[in-house]
Amino acid sequence: MKIFIDTANLEEIKEAESWGILDGVTTNPTLLSREDGNFRDNLRKICEAVNGPVSGEVVALEADGMVKEARELAKIHDNMVIKIPMTTEGLKAIKKLTAEGIKTNTTLVFSPLQALMAAKAGTTFVSPFVGRMDDIQSPGMEMVEKIVKIFDNYDFDTEVLVASIRNPLHIIQAGMMGADICTIPHKVIKKLVSHPKTDEGIERFLADWKKVEK
Ligand code: E4P
């Protein structure tokens, strides 16, 4: 499974990168709005910090506008992937950008059929938002399971990028289902590493080692 970090904060990205577990980054307008400075410069710095895809999102709603913005974002760095919202205008933009060799991440996906449409249009990644589905009492991971199955049945190249992750259980389930990628907030990535029994074990070994060193 590939692990992306879902943030636009360079310090969080550099920290996760230093742990050797990072395969890419996803940002969105909300995440970029939380950072100081020019968003293009911030995206460039993120691309330079990570050896993998970095998603930046268009805000236009018409296909032509999306394509124009996407071409500009793609110029920032070779690692840039363009997030396009899941609409019919988005599908038109995905078709065009794919033909131009620009990678896309179809965002705000909330059903298996939306994922299928995006894959048919040629998108590189689809992002089902599991946490936001859970918020409306509709199990987000059930949607992911269906998407993975449909893509496997027809050998789509589109990768399933599980998004809107809120807790470690989402990642275990994604792994069991064979989803390609999880994009995870920094605070959740930290939870994947720690375990109270590990801390307790280290404490005990250190205490016992003091007796050996006497
Ligand atoms: C995905 O690419 C999005 O940036 C993100 O996962 C949205 O998550 P949220 O529902 O926590 O805002």
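## Reading a predicted model

User: Where does serine 138 lie?

Analyst: Serine 138 lies in the loop between helix H7, residues 130–135, and helix H8. Keep in mind that this is a predicted model.

User: Is serine 138 called buried, partly exposed or exposed, and why?

Analyst: The relative accessible area of serine 138 is 26%. Buried means under 20% and exposed means over 50%. The value of 26% falls in between, so serine 138 is partly exposed.

User: How far is serine 138 from glycine 24?

Analyst: Their C-alpha atoms are separated by 28 Å, and the two residues are 114 residues apart along the chain.

User: What about aspartate 155: buried or exposed, and how do you know?

Analyst: Aspartate 155 is in the loop between helix H8 (140–154) and strand E7 (159–162). At 65% relative accessibility it is over 50%, so aspartate 155 counts as exposed.

User: What is the phi of aspartate 155?

Analyst: Aspartate 155 has a positive phi of about 55°, although it is not a glycine.

User: Which phi value does leucine 108 have?

Analyst: The phi of leucine 108 is near 60°, again a positive value in a residue other than glycine. Leucine 108 is found in strand E5. Its relative accessibility is 33%, between the cut-offs of 20% and 50%, so leucine 108 counts as partly exposed.

User: How do you know whether threonine 106 is buried or exposed?

Analyst: Threonine 106 is found in strand E5, residues 104–109. It has 0% relative accessibility, and that is under 20%, so threonine 106 counts as buried.

User: What makes the pair threonine 106 and threonine 123 a polar contact?

Analyst: A distance of 2.8 Å joins their side chains. A polar contact needs a pair of N or O atoms within 3.5 Å, so 2.8 Å meets that cut-off.

User: Now the ligand. Which residues surround the ligand?

Analyst: The ligand is surrounded by Asp6, Thr26, Asn28, Lys83, Phe129, Arg132, Ala163, Ser164 and Arg166. This shell divides into 2 nonpolar, 3 polar and 4 charged residues. Phe129 and Ala163 count as nonpolar because Phe and Ala are in the nonpolar group.

User: How close is an oxygen atom of the ligand to the side chains of asparagine 28, lysine 83 and serine 164?

Analyst: For asparagine 28, a ligand oxygen is 2.7 Å from an N or O atom of the side chain. For lysine 83 the distance is 2.6 Å, and for serine 164 it is 2.7 Å. Taken alone, the ligand exposes 350 Å², and the protein buries 85% of that.

User: What is the space taken by the ligand?

Analyst: That space is the largest pocket.

User: To finish, how many helices and strands does the protein chain have?

Analyst: Its secondary structure comes to 11 helices and 8 strands. The C-alpha atoms of the protein chain fill a box of roughly 75 × 40 × 30 Å along the principal axes. Of the 214 residues in the protein chain, 46% are buried.

Definitions and conventions:
Residues are numbered from 1 along each chain as its sequence is written. This is a predicted model: local features need pLDDT of at least 70, side-chain atom pairs count only at pLDDT 80 or more; totals for chains, interfaces and linings use all residues. Side-chain values use heavy atoms; hydrogens and water are left out. A residue is near a molecule or strand if one of its heavy atoms lies within 4 Å of it. A polar contact is a pair of N or O atoms within 3.5 Å; within protein, one must be able to donate a hydrogen and the other to accept it, and residues adjacent in sequence count only if both atoms are side-chain atoms. Accessible areas come from the Shrake-Rupley method with a 1.4 Å probe; for residues, only the protein chains shown count as cover. On a 1 Å grid over the protein atoms alone, a cavity is a set of points where a 1.4 Å probe fits but cannot get out, and a pocket is an open set with protein on both sides within 12 Å along at least five of seven lines; lining residues have an atom within 4 Å of a point. A molecule sits in a cavity or pocket if more than half of its atoms lie within 2 Å of its grid points. Helices (H or I, at least four residues) and strands (E, at least two) are DSSP runs, numbered from the N terminus. Buried means under 20% relative accessible area, exposed over 50%, partly exposed in between (1.4 Å probe, protein chains only).
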